[in-house]
Amino acid sequence: MKPAAFDYVAPRTVDEALNALGDTRRDVRVLAGGQSLILEMHLQRIRPDLVVDINRVAGLDRLSVNDGTVEIGALVRHGVFESPQAVPGPLGRLFALAAVNIAHPPIRARGTMVGSLAWAHPASEWCAIALALDAVIEVRSTGGAREIAARDYFRGPFQTARARDELITSLRFPLPAEDTGVGFIEHRRTHFCFAQVAVAAALTVHDGLISDVRIGLVNCADRPIRAHAAEQVLIGREVIVPAVGDRLPGGHPFARAGRIAADQDAAPLAEPYADPEYRRQVIAVLVGRTLRQAAEGVLQ
Amino acid sequence: MEQWARREDRRLLTGRGQFVADMAVQNCLDAVFVRSGIAHGVVRDVDCAAAREVPGVVGVWSAADLSGLPACAHAAARLQDLPPVPHTLLAKLSTAEAVAGREWPALAKDRVRYAGEAVAVVVGEDRYRAEDGAAEVAVRIDPLPAVVTPSAAAGDSVLLFDGLSNTAFRGEAGTPIEETVWQEAAVVVEARYRQQLLMPTPMECRTILAVPEQDGRLTVWSGHQMPHRLRRELAALLGMPLDRIRVVVPDTGGAFGSKSAAFPEFVTVVYLAVMLGRPVRWIEDRLESMTAATRGRGQDQRVRLAADADGHLLAYELQIDADVGAYPHLGVGLPMQTAWMATGPYATPRVHASVRSVLTNTMVTYPYRGAGRPEATIALERSMDLLARRLGLDPAELRRRNFIPAEDFPYQTPTGRCYDSGNYAAALDLALETIGYDTWRAEQTRRRHDPRALPLGIGLSCYVERSGGEPGGLHDFAGIEAHEDGTIIARCGAASSGQSHETTFPALVAATLGVDESRVQLIEGDTDAQPEGLGSFASRSAQVDGAALHHASALLIDLARERAADLWGTPVEEVEWSDGSVHHVRDGSAAMDVAELVKATGPLSVDDRFESGMGFPFGAHVAVAEVDPELGTVRVLRLVVVDDCGVVLNPAIVRGQAFGSAVQGIGQALYEGIPYGDDGVPLLAGGLLDYLLPTATEVPPIEVKETRTPSPSTPLGAKGAGESGCIGTPAAIVNAVADALQIADPGLLQMPLTPDVVWRAARAAKYEGAR
């Protein structure tokens with residue numbers, strides 16, 4: 001488990017980094033936290049010619065809020081989001097619910113949210129959240145900057161709309177309305193491993209009726225999925241949450257949404273210990289439970 | 001002053017341990033193996049030419065490159081072709097018949113028989129360069145159909161060795177049971193259980209460093225459980241006299257049974273070191289270990305258990321189809337440990353166990369913590385719960401009715417064991433009392449009436465294990481030496497891979513001699529320092545080496561008294577020993593410390609070879625688990641493990657062992673398993689992200705308690721400790737889940753109880769009478 005030989009540069013500015021990335025004849029990889037890249041290099045599944053270490057690039061560690069938008073720089077580590085105050089309002093609460101599911105604390109101290117989007121693992125928590133909450137990915141190359149909407153970004157497992165010479169400099173999330181309730185529940189075999197399924201939900205209620213709902217599905221297809229069909233059946237519905245400890249009755253809108261998410265939105269693949277039939281079951285249950293968690297946040 | 005719980009902790013917990021990978025040796029080369037990605041196939045070509053051109057690569061060899069060589073006139077060894085891997089007769093783990101016609105080449109020659117089998121070796125200036133070289137070796141293998149389960153392999157439709165059956169060994173324990181016994185019994189339960197293959201997964205994978213010395217000797221450093229065995233096997237392979245090889249075991253990061261043999265990589269590395277006249281080392285990495293290190297367990301079992309209407313056991317039959325991997329050299333006889341221990345803690349009049357060991361296209365099966373006893377316990381204890389349900393009896397009550405009574409020891413079992421001592425009911429009573437059995441049963445009833453509550457189950461598991469080793473392997477070496485400076489040197493044939501010998505043994509010697517513990521130093525794991533030794537396996541170190549050290553200490557006292565008697569010109573009966581000193585019984589003069597005696601009379605040392613009996617530790621484990629039937633997740637709410645390993649030398653260390661092995665038992669029950677693709681290749685691309693071990697986050701509240709029933713067959717009364725959790729815990733967890741779900745078909749719950757398995761079981765039919 002040793003990497004093949006590679007060249008290494010550690011630029012100080014974004015422009016220097018972009019110049020290094022611009023050499024498209026070579027396999028050039030960006031190193032931020034190294035959460036996945038280092039492992040893949042050790043396994044020699046990735047054998048880059050050049051590694052561009054952006055950890056010394058000034059300004060990329062910025063986390064800022066302007067005009068109802070949160071901007072997260074490429075070097076902001078997962079661990080930052082463990083605090084619900086890192087980002088204001090419901091979004092901060094959602095990030096905090098999700099962040100603790102990412103690996104272990106030492107890895108959260110290195111890995112980055114932007115790195116997760118760049119890697120685009122189907123089991124990435126952040127990718128599904130970015131998709132569900134209409135995040136915008138800002139990329140730059142020597143040719144200039146552009147923005148990619150999350151819904152246009154994911155192309156398949158580890159495949160994205162980012163070009164090889166582009167660096168993701170930041171990620172922007174619109175802040176949801178203050179009265180939005182959020183939920184995040186992950187199902188996995190041990191705390192150490194990837195999610196078999198995880199669900200993110202954000203629910204906004206006006207006058208007791210659901211006015212907006214977003215459901216992000218983690219590891220329910222070959223890429224992150226937004227459960228549009230499930231969301232459709234919820235818009236305009238009344239929110240009634242059963243007492244704590246009660247399982248959702250089969251006819252409850254959240255349970256029905258779960259079933260629809262599992263059967264219509266998701267396209268689960270087979271893995272050892274999780275065939276598609278089992279995964280659909282988990283999706284259905286988790287969507288229902290996550291919606292309930294979000295609704296409880298609204299009603300508090 | 002810093003406080004360390006164990007002597008070795010100062011070194012190990014401050015990063016100052018010295019493991020094989022830490023050793024800095026001039027001119028050392030790193031070996032890397034090129035491994036087959038195919039489970040079963042014909043080797044067509046192994047082309048090493050390009051690899052030899054890689055900068056930093058010193059040499060690359062396939063099996064063909066190391067065959068048909070002229071005899072090499074080496075100063076020390078008789079080196080010719082790369083020798084094959086030796087088989088072991090220790091503890092009847094293998095047999096000459098099983099290996100006849102089935103050579104295990106150190107590098108695969110014309111056939112690969114498991115994914116991960118080495119086909120070439122690259123030696124480079126460091127591991128990076130050697131891996132660069134390995135990436136350039138071109139291997140062409142034509143695949144053959146692969147068989148990775150005993151049932152698939154037993155039919156012999158695919159043969160691993162042409163002209164030879166895949167069934168490499170058959171054995172039995174006890175007498176076959178007549179059909180009338182089953183026909184006439186009031187109740188008979190039958191079931192099939194799968195004991196999945198497991199990886200021992202020590203923190204440190206396998207290591208070896210072979211250093212040819214200036215004087216023609218060879219020093220071999222290895223994280224190993226049996227240094228003298230390794231020396232013996234390597235000497236035979238290399239044609240070297242025994243005293244020309246020194247094997248040293250430095251700090252070792254765990255073994256769990258998996259580090260006691262001479263493996264294909266060891267044979268190759270030592271051969272190359274001698275051939276090249278340079279130090280060569282191999283530090284196995286995790287991914288290699290996951291493909292090419294030995295596996296544990298691997299049995300398909302069929303059981304029948306008969307009882308009368310009162311729940312008294314009448315007969316038990318266990319049929320084992322064992323998956324012993326691709327070569328029969330290390331573990332073809334290992335399933336006999338299951339057969340011999342099939343009786344368990346019950347006074348069943350008829351017990352019969354039969355074994356069929358089948359070769360499969362998987363890495364070789366070898367002892368892993370528990371080694372045969374977990375398989376015996378799980379089969380019997382799951383069946384006991386089935387029987388209790390059929391009889392409408394509380395599972396604790398069924399066990400109580402059948403325990404071998406405490407007054408019946410020594411007890412000769414129908415499967416050939418003679419249990420030394422036991423009080424099985426006491427262990428179960430303590431376990432039930434500790435966990436609050438009645439309270440949990442009440443909670444279970446409450447939940448069964450509450451549709452909103454998660455189902456809860458209580459699982460029992462009572463076990464008997466065997467410690468010390470098999471007859472012929474129950475002795476070890478111990479030596480004690482007193483020095484002028486007051487130091488006492490203790491030596492023994494054990495080799496710690498993390499079992500706290502440095503703490504336990506000096507304390508034992510110090511207590512026997514009556515000296516301060518700080519005066520005693522332990523030397524072990526070095527074939528130059530111990531003339532002979534067996535090592536550490538089968539939970540034998542305290543039981544056998546502890547007894548040997550105790551006995552050697554007593555001999556040293558006798559010797560010191562004789563010396564003093566000579567010195568003082570008095571009869572030896574008038575010389576007494578106390579607190580590390582000799583003194584005259586009647587003379588009022590001051591005592592003479594043993595250090596003064598050495599100064600006055602010369603070196604004082606004894607070497608001893610001591611033999612212990614077999615020990616039969618036992619215990620009772622109880623688990624409470626709740627199941628989320630919608631997701632299939634199992635939450636262990638509480639686990640109580642009561643172990644009895646006789647007299648305990650160091651309670652904190654034994655508890656640590658009990659706790660750790662219980663966690664490994666949880667691993668077998670809930671998490672660990674090797675999924676195979678249709679091509680017979682393990683699906684473990686993500687390493688430990690795919691083979692899941694319980695980590696700190698998964699450890700439930702575990703309470704460790706003990707009862708103490710001394711062994712009459714071991715001098716200290718100590719039996720082995722440390723394997724208990726792997727043996728007792730899995731069945732407790734599985735029984736708890738089965739109890740929660742009340743399923744009719746026990747076959748639905750096969751380990752590991754992953755959420756998908758439990759979810760399917762939760763949807764299946766419940767047994768009659770379930771509520």
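Chain A is split into domain 1 (7-56), domain 2 (63-174) and domain 3 (180-299), with bounds that come from an automatic or database domain assignment. This is a predicted model, where local features need pLDDT of at least 70, side-chain atom pairs count only at pLDDT 80 or more, and totals for chains, interfaces and linings use all residues. Residues are numbered from 1 along each chain as its sequence is written, while chains are lettered from A and ligands numbered from 1 in the order in which they are written. Helices (H or I, at least four residues) and strands (E, at least two) are DSSP runs, numbered from the N terminus.

**Domains**

- In chain A, the centres of domain 1 and domain 3, taken over C-alpha atoms, are 36 Å apart.
- Chain B gets domain 1 (22-144 + 213-255 + 259-277), domain 2 (372-465 + 616-763) and domain 3 (475-611).
- Taken over C-alpha atoms, the centres of domain 1 and domain 2 of chain B are separated by 40 Å.
- Four residues from domain 1 of chain B and four residues from domain 2 of chain B make up their contact; residues are in contact if their C-beta atoms, placed from the backbone, lie within 7 Å.
- On the domain 1 side of that contact in chain B there are two nonpolar, two polar and no charged residues. As for the classes, Ala, Val, Leu, Ile, Met, Phe, Trp, Tyr, Cys and Pro count as nonpolar, Asp, Glu, Lys and Arg as charged, and the others, Gly among them, as polar.

**Where the chains meet**

- Chain B puts 24 residues in contact with 23 residues of chain A.
- On the chain B side, α4 (127-134), α9 (286-292) and α20 (755-763) each supply at least two residues.
- The most comes from α4(B), with four residues.
- By class, the side of chain B that touches chain A holds twelve nonpolar, three polar and nine charged residues.

**The four-stranded sheet in chain B**

- Four strands of chain B line up as β21-β20-β19-β25 in an open sheet with mixed pairing; strands pair if DSSP finds at least two bridges between them.
- At the edges you'll find β21 (520-524) and β25 (604-611) of chain B, each pairing on one side only.
- On average, neighbouring strands of this sheet are turned by 20° against each other, direction ignored.
- β20 (residues 488-492) of chain B and β21(B) run parallel, joined by five bridges, and I488(B) sits opposite V520(B) in β21(B).
- Helix α16(B) packs on this sheet, touching β19 (475-482), β20 and β25 of chain B, and its direction makes about 140° with that of β25(B). Axes are lines fitted to C-alpha atoms, for helices over the stretch in contact, and angles run from 0 to 180 degrees between N-to-C directions.

**The three-stranded sheet in chain B**

- Here β22-β23-β24 of chain B form an open sheet of three strands with antiparallel pairing.
- β22 (575-578) and β24 (592-593) of chain B are at the edges with a single partner strand each, so one side of each has no neighbour in the sheet.
- Two bridges pair β23 (residues 581-584) of chain B with β24(B) in the antiparallel sense, and V582(B) stands opposite M592(B) in β24(B).
- This sheet also has α16(B) packed on it: the helix touches β22, β23 and β24 of chain B, and its direction makes about 135° with that of β22(B).

**Helix pairs in chain B**

- α16 (residues 541-568) and α17 (residues 594-601) of chain B pack at about 55°, with their axes 11 Å apart.
- α16(B) and α17(B) are therefore oblique to each other (under 35 degrees counts as roughly parallel, over 145 as roughly antiparallel, 65 to 115 as roughly perpendicular and the rest as oblique).
- In this contact, A560(B), R563(B), A564(B) and L567(B) of α16(B) meet V594(B), L597(B), A600(B) and T601(B) of α17(B).
- The contact of α16(B) with α17(B) has six nonpolar, one polar and one charged residues.
- The axes of α11 (residues 373-391) of chain B and α12(B) come within 9 Å and cross at roughly 105°, so α11(B) and α12(B) are roughly perpendicular to each other.

- The peptide bond from F409(B) to P410(B) is cis, with omega near 0°, and P410(B) is in the loop between α12 (395-402) and β16 (411-412) of chain B.
- Another cis peptide bond joins M751(B) and P752(B), with omega about -5°.
- D67(A) isn't a glycine, yet has a positive phi of about 50°; D67(A) lies in the loop between β4 (63-66) and β5 (69-73) of chain A.

Notes: Contact = placed C-beta atoms within 7 Å.
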